[in-house]
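Work through the exercises below with the coordinates open. Try each task before reading its solution.

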Amino acid sequence: GDFPGAAFDLEGGELEPIIGQAPPPVPPAQIDALAGIADPESFFEALALRGFRLRRHPLVDHQPITAEMLAALPGPVVLTGKDRMRLPPHEREDLFVLPVRARLPEEVLQRIAAHVREFST
């Protein structure tokens, strides 16, 4: 995504299996991309840029991911790291996380830290 005044760079690593040793899908495979983050498009774009064909499933922020929801997806399913925390107990081996490191300029990080300190006192 692009924030004014901040070079926000979504830098993706390799897809990581959540359970088991399932080999990750390789572009141009079709995948179910699941994102319950504020800006799901940036996640979808990161996957599309790698050459995956996506079935996009933007979730409302904080919408729970249910076992039924997962069972309904043909898969393989790729999620954000944040959504990984919200997974219900599941049987699927074809669930993967795209680890994303958001690189923010130092000055922005310091502003955020100062802001957080302000609220935690």
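**Exercise 1. The sheet**

What is the order of the five strands in the open sheet?

Solution. The model is predicted: local features need pLDDT of at least 70, side-chain atom pairs count only at pLDDT 80 or more, and totals for chains, interfaces and linings use all residues. Residues are numbered from 1 along each chain as its sequence is written, and side-chain values use heavy atoms, with hydrogens and water left out.

Step 1. Assign the elements: helices (H or I, at least four residues) and strands (E, at least two) are DSSP runs, numbered from the N terminus. Two strands pair if DSSP finds at least two bridges between them.

Step 2. Read the order: β2-β6-β5-β3-β4, with mixed pairing.

Step 3. Find the edges. β2 (16-17) and β4 (53-58) each have a single partner strand, so one side of each lacks a neighbour in the sheet.

Step 4. Check the pairings. β3 and β4 run parallel, joined by six bridges. Here Ala33 stands opposite Arg56 in β4. β3 and β5 are also parallel, over three bridges. Asp32 has Val77 in β5 as its bridge partner. Four bridges join β5 to β6, again parallel, and Val78 stands opposite Phe96 in β6.

**Exercise 2. The cores**

Step 1. The largest core has 13 residues; Leu15, Phe43, Leu47, Leu54 and Val78 have the most contacts inside it. β3 (30-35), α1 (40-49) and β6 (95-98) each give two or more residues to this core.

Step 2. Apart from it lies another core, of eleven residues, including Ile18, Leu70, Val77 and Leu95.

Step 3. Inspect β5. Both its faces are covered: Val77 and Leu79 are buried on one side, Val78 and Thr80 on the other.

**Exercise 3. Thr80**

Is Thr80 buried or exposed?

Solution. Step 1. Its relative accessibility is 6%, so Thr80 counts as buried.

Step 1. Beyond four places in sequence, Thr80 touches Leu34, Ala35, Ile37, Phe43 and Val97.

Step 2. Its side chain joins that of Asp83 in a polar contact of 2.6 Å (a pair of N or O atoms within 3.5 Å; within protein, one must be able to donate a hydrogen and the other to accept it, and residues adjacent in sequence count only if both atoms are side-chain atoms).

**Exercise 4. Cis peptides**

Solution. Step 1. Pro27 and Pro28 are joined by a cis peptide bond, with omega about 5°. Pro28 lies in the loop between β2 and β3.

Step 1. Gly75 and Pro76 are joined by another, with omega about -10°. Pro76 is in the loop between α2 (67-71) and β5.

Conventions. Core = buried A, V, L, I, M, F, W, Y, C linked by side-chain atoms within 4.5 Å. Buried < 20%, exposed > 50% of the residue type's maximum accessible area, 1.4 Å probe, protein only. Contact = heavy atoms within 4.5 Å.
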